Amino acid sequence: MRRVLFSLSFVLPFAACADGGEEDRPQSEVRFSATHHLYGFRALAGFGTFPVPGSAVFSDRGQLNLFDDSSYTVARTTGTSAADRYALEADGSLSVYVTRVGNEPTVVFRGAYGRVGANDLTSPGSSPEFVFTDRVSTPASQSLGVYYGTRIVTGTVELEGAWHVLSLHTVFGASILSPENVARGARGGVSIAAGAAGTARTISGTGTQGTSGLTFGGSIQNVLDNGSGNGTCNLTMNYTVTSQPLDARVMQAVANERLVLALDEDESDDEAGMLFMVKKFDAPGSPVDSVRVPGTFLVGGSTMFVNPSNSGSDAFVGTVTLGSSGSFRLDAVGNDGQDFAYQGTYTLALDGGMTIAISGTNESWFAAIDRSYNTFVFVDDFVETRANNIPELNLGFGVRQKAQ
């Protein structure tokens, strides 16, 4: 049901025109100009010998600028990239072209951009999410991973309330040979305290990390300048497993009224990874509407193979289909270019959380849908038993596909 651990380049160069050899770069069906928060987390296909070294992962962040001539740039603290091209299809499918020089192939990062309902980029003040994946290993860029973010909107973000938490972290420098010392998936629920705009709010809640009980703590603060901001937040999420010391993870984060997107880029505390928080529906007063949940979501995500003797990573892109009768299906492709699928059933809670029962491997995943019904996050934090002895953890993020 899953890929074997090896890296095969899946190269997608620009095609040449038949009438003269010029580049035939696909034009975007949807063109617009907007700025976005951008986070990226990549890792090597193979981690080598245990323990996992910090050099096996690569974090990235910046500002993604899309322009209405189908071009984009990425602004980082080190400078702004040269302009390249993107193509956004009407249903939300996104292609990000990365032109390389010399012997390096030009590649395409596939993903999706929110185009449904209030999150449609054409709606005033909308804050759509996006995701795309680097599934191509080349000599100069051997890592695989996922990029994600949301549109920059000026103002303040009210963080008070109840939130779902889903995360996946790679672990470094451990001494005990165990899957949980390669990577750890976590899920749960937290409450963010009330407070004045721009002040630090306390976080508290409970969950699980694999099979262990987990207590969440920490704080989050919407960063404001003269009473206004762009969604950027200071976030410290504390993970405390029963009978173990508190593990404080300081992360880069951005928030809107529905979601918190975070990147843990600090490898010095022996962990790095990604975290998503999804605002819960107010059950029982205003519970999730089960009729609005089913549909197809365009997703991208990260996989961690957690056998300590054969560990590594992959990235995938595909679709999640939620059926009206509770069916679940993930159809995707990883870096080796081979399709794979998971199927099962989901049980929807009144607060928008979902428990997903996976057929075949008898896994239990967790997912959440946001209050717009158009952004979907899932985590596989279950270390299953497989015949090939390559158990895995997954974290996926996606947006609803727009009907055509």
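Strand S7, residues 84-88, is mostly covered, with five of its five residues buried. The model is predicted. The largest pocket has a volume of about 390 Å³, and the second largest pocket holds about 310 Å³. A search of the whole structure finds one cavity of 30 Å³ or more. Tyr 148 is one of the residues lining the largest cavity, and Tyr 148 and Met 304 touch the most other members of the largest nonpolar core.

- S7 pairs with S5 in the antiparallel sense over two bridges, and Ser 71 stands opposite Arg 85 of S7.
- S7 also pairs with S8 in the antiparallel sense, over three bridges.
- In S8, Leu 94 is the residue that stands opposite Leu 88.
- The hairpin of S7 and S8 has four residues between the strands, and Gly 92 there takes a positive phi near 105°.

**Largest pocket**

- The lining of the largest pocket consists of 20 residues, and Tyr 72, Val 74, Arg 76, Val 98 and Phe 109 lie nearest its centre.
- Strands S3 (34-44), S4 (57-66), S5 (71-76), S8 (93-98) and S10 (129-134) are the elements that give two or more residues to this lining.
- S5 gives the most to the lining of the largest pocket, with three residues.
- By class, the lining of the largest pocket has eleven nonpolar, three polar and six charged residues.

**Second largest pocket**

- The second largest pocket is lined by 19 residues, of which Leu 38, Tyr 39, Arg 61, Gly 62 and Gln 63 lie nearest its centre.
- At least two lining residues of the second largest pocket come from each of S3, S4, S5, S16 (232-241) and S17 (247-255).
- The lining of the second largest pocket divides into six nonpolar, ten polar and three charged residues.
- S3, S4 and S5 are among the elements that give two or more residues to the lining of the largest pocket, and each also supplies at least two residues to the lining of the second largest pocket.

**Cavity**

- The largest cavity has a volume of about 40 Å³.
- Residues that line the largest cavity are Val 131, Val 146, Tyr 148, Met 274, Phe 276, Gly 300, Gly 301, Leu 395, Gly 396 and Phe 397.
- Two or more residues of this lining come from each of strands S11 (143-151), S19 (271-279), S20 (295-305) and S27 (392-400).
- S27 provides the largest share of the lining of the largest cavity, three residues.
- The lining of the largest cavity has seven nonpolar, three polar and no charged residues.

**Nonpolar core**

- In soluble globular proteins, nonpolar side chains tend to be buried together.
- The largest nonpolar core has 35 residues, and among them Tyr 148 and Met 304 touch the most other members.
- Leaving aside residues up to four places away in sequence, Tyr 148 touches His 37, Leu 38, Tyr 39, Phe 130, Val 131, Leu 261, Ala 262, Leu 263, Met 274, Phe 276 and Phe 397.

Definitions and conventions. Residues are numbered from 1 along each chain as its sequence is written. This is a predicted model: local features need pLDDT of at least 70, side-chain atom pairs count only at pLDDT 80 or more; totals for chains, interfaces and linings use all residues. Side-chain values use heavy atoms; hydrogens and water are left out. A nonpolar core is a set of buried Ala, Val, Leu, Ile, Met, Phe, Trp, Tyr and Cys residues joined through side-chain atoms within 4.5 Å. Buried means under 20% relative accessible area, exposed over 50%, partly exposed in between (1.4 Å probe, protein chains only). Contact means heavy atoms within 4.5 Å. On a 1 Å grid over the protein atoms alone, a cavity is a set of points where a 1.4 Å probe fits but cannot get out, and a pocket is an open set with protein on both sides within 12 Å along at least five of seven lines; lining residues have an atom within 4 Å of a point. Grid points are joined across faces, edges and corners, and a volume is the space filled by probe spheres set on the points. Ala, Val, Leu, Ile, Met, Phe, Trp, Tyr, Cys and Pro count as nonpolar, Asp, Glu, Lys and Arg as charged, and the others, Gly among them, as polar. Two strands pair if DSSP finds at least two bridges between them.
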